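The following exercises are to be worked through with the sequence and the structure at hand. Each task is followed by a solution in steps.

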Amino acid sequence: MNLVSAEGIRHTFAERTVLDGMTVGIDEGDRVGVIGVNGSGKSTLLRVLAGDFDPDEGRIVHATGLRTHYLPQEPELDSAALPLDVVLAGPAGFDPLEDRADVQREVRAEAMLDRLGLGGVAQPCATLSGGQRKRVALARALVAPADLLVLDEPTNHLDVDVIAWLEDELRSRGGALLMVTHDRYLLDRIATRILEVERGKLHGNHGSYSDYLEARAEREAMEQNIERKRANLARTELEWLRRGPKARGTKAKHRVESATALINRREHVERAELTLDLPSRRIGSKVVSLHNAGKSYDGNRVLSGVEKELVPGDRVGIVGPNGSGKTTLLGLIAGRLEPDEGSVRIGETVHVGWYGQDPAQIAPRTRVLESVKEVVLETNTVEGLRISAGDLLERFLFTPAQQKAYVAELSGGERRRLELLRVLADAPNLLLLDEPTNDLDLDTLSVLESYLDTWPGTLVVSSHDRYFLDRVSSDLYSIEEAPDGGRLQHHPRGWAGYLESRARPSGRATGRGASPATGSPAPARPRKRSYNEQRELRRTESRVADLEQRKAGLEAELVEASGDYEAVARLGAELARVTEDLEAAESRWLELSMIGENDGD
C-alpha cells in the first residue's frame, strides 16, 4: 500500500534550488534512510513528505487516514507544559481520545521518558536544555502509534547506550519509517532503502546503507566510463574537422554541429568532494597530564580522581551518559576549565583545536569568506601548496556565491562545516572534538575520519556516534557514576570491552570471565580481533619500528658524544625513556597479536 506519493517536487531557498523536480513514494513497511551533504535539502524533503511544508511546485498525495508523526531537528514544544504532559498530548494532529486500544500509553510514556534520561522531570519545557527538549519530542513521536514515522536526526543529544536502545525500538515498531541520520550503524541496521539528495535530484537503492555505497560506487564508475566515451568521440570529431579533405572548402555542417554538441555536452557531472589536507604544528613529548583532577559545579562534584597522561599520537574516545562530565573533561584537557582538585599540566608546544557541541561565536552578519580570514589569510596544504582562504573554502565545498553570503544564511550543517574548517585551518596539534558528528553529513564525516588516520597530532573525542568512535579512536574511556563524582574507567578492548562492561549488573564486573547472572566462571570463548584492535595493532607495529629506529640513533649519538658529559647525561636519559616506551609498545603488540590465534585469525 502506498502511503505518500510526491511528484515533480521543486523548491528554492535564496535563489538555490534544493528540490528540483523530485518524484518519490513511500510504501507501507518501508524503512527509508535519507542522506546527502549539508544544505542539500534532506530536511526540506522530510517536511514535504510529512505534510509539514508546501513546496513551490509539485503534487503530494497522502493515503486516506494516514497517521504521520514528524520529529524535526528543532522541535517546538509547549513551553509551559511538563515533559510527561507533552508526550501524552501526542504529536500534532494526534487525538489521544481515539487511541482507546492503547490503555497503557501513560505507563509507556513514563517508561520512554525514563529511558531517555528524563524520568520524573517535573519542570516546564521552557527550562529544559535544547538536548532535553529534543528527547521529549522523540518520546512524543515514539509513544503514539503511527503509520509513518518521520525522524530528522533522532540520535542528536542521545548517549551511546540510549542510541542502542533506540535502534532496538525502531526495529520492533510496525509502520513505515523515514529518517535522516548521521549514525551509520543505525542507518545500516535499520534502513531497507536509501535515498540520496544530490543537486536537487534523488538517487535511490533498495537495501542497507552498505548496499547503497556499493551501488553508488558502481553508478559513479559507469558515469565516468560514459564520460570517457563522450570525450573520446569528441576528440575523434575534432580530429576529423582538423584533417578533413583539403579539396573541400567547408566541412559538413552536421559534423561541425555534432562535434560542437559533444564538446559542450557533459553527461556526467563530477561529484563535489570535500578536500581535507591541512597540516598540524609540531608537538613535543609533553602533551597533557591530569593528576587526581576533579571538577565541581555549585557544590556538585562532576569529576574526581582523573588520572591520565596524553602523549603524541594518542587517539582517545570518551563515552558516558548525558551530563556525566564528558564536556567538562575535555574542558580541563583544553585548559578552558581549572580543576577544583588535583592538577592539569599542558605541554608548552601544545596548540589546542576545540570543536564543541555549541555553535562557535561568529557574528551572523559576517561574510563566510571574512570569517575564515579572521583565522588565516593563507595556509599550506600537507603537500606544501600555498592556498588562499577562498581556495580553502572551495575545498570545503563552499561555492564562490556562498563565500559572499552571510554566516546567518547558512544551513545548520553548513555552519558546522565552516566551524570545522576554522578549527583545522589554525593547525592545532591537540584536537578536542565534542560530539563532532552532530549536523555533519556522512561524506564530510568520512573525509574527516580518513584525514585523522594520518594526522600526526593528539586526538580526544567525546561522541555518541558508535561508528565514528570505532573509526577514529584506539583507546576508549567511559565516565562512570560514583558517590564522590564521575570516575574515568579504561576499556582496553575498546568498544567491545565497553559493551561487555555495560552488560554486567550495574555496569560492574562480577569477576574476570564470570557470568553476569550467577557469578560462576563462563567458558572462555576464542574471539577475533575487533576492528579497533586491528587498527591499534597496525599503529603499534609502526610505533615499535619508530622507537627501534630512535633507540638505534640515540645509541649511535652516545658513542659519538663520549667525553661530553652533559650530552651523555641528556642522551642517556632520553635513551632510557625510549627504551621504556619500546618495551611497553612491544608488550602491547604481543598482547594484540595473540588475540585470535586460536580461531584462525
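Contact means heavy atoms within 4.5 Å. This is a predicted model, in which local features need pLDDT of at least 70 and side-chain atom pairs count only at pLDDT 80 or more, while totals for chains, interfaces and linings use all residues. Residues are numbered from 1 along each chain as its sequence is written, and side-chain values use heavy atoms, with hydrogens and water left out.

**Exercise 1.** Determine where S462 is placed and which residues it contacts beyond its neighbours within four places in sequence.

Solution. Step 1: S462 belongs to strand 18 (residues 458–462); helices (H or I, at least four residues) and strands (E, at least two) are DSSP runs, numbered from the N terminus. Step 2: with a relative accessible area of 0%, S462 is buried. Here buried means under 20% relative accessible area, exposed over 50%, and partly exposed in between (1.4 Å probe, protein chains only). Step 3: once neighbours within four places in sequence are set aside, the contacts of S462 are I318, K326, L330, L433, D434, E435 and P436.

**Exercise 2.** Describe the surroundings of E338.

Solution. Step 1: E338 sits in the loop between helix 9 (326–334) and strand 13 (341–346). Step 2: its relative accessible area of 59% is the reason why E338 counts as exposed. Step 3: leaving aside neighbours within four places in sequence, E338 touches K295 and L332. Step 4: G294 is 44 residues from E338 along the chain, yet their C-alpha atoms are separated by 9.2 Å.

**Exercise 3.** Examine the positive phi values of E153 and R199, and state whether each residue is buried, partly exposed or exposed.

Solution. Step 1: E153, a residue other than glycine, has phi near 55 degrees. E153 lies in the loop between strand 6 (148–152) and helix 5 (160–172), and is buried because its relative accessible area is 6%. Step 2: R199, again not a glycine, has phi near 55 degrees. The loop between strand 8 (193–198) and strand 9 (201–206) holds R199, which is partly exposed at a relative accessible area of 45%.

**Exercise 4.** Characterise the packing of helix 3 and helix 4.

Solution. Step 1: helix 3 (residues 105–115) and helix 4 (residues 130–143) pack at an angle of about 145 degrees, their axes being 10 Å apart. Axes are lines fitted to C-alpha atoms, for helices over the stretch in contact, and angles run from 0 to 180 degrees between N-to-C directions. Step 2: helix 3 contributes R105, R108, A109, M112 and L113 to the contact, and helix 4 contributes V136, A139, L142 and V143. Step 3: by class, this contact comprises 7 nonpolar, no polar and 2 charged residues. In this scheme Ala, Val, Leu, Ile, Met, Phe, Trp, Tyr, Cys and Pro count as nonpolar, Asp, Glu, Lys and Arg as charged, and the others, Gly among them, as polar.

**Exercise 5.** Summarise the protein as a whole.

Solution. Step 1: the protein contains 18 helices and 20 strands. Step 2: of its 601 residues, 48% are buried. Step 3: among contacts between residues at least 6 apart in sequence, 69% join residues at least 24 apart.
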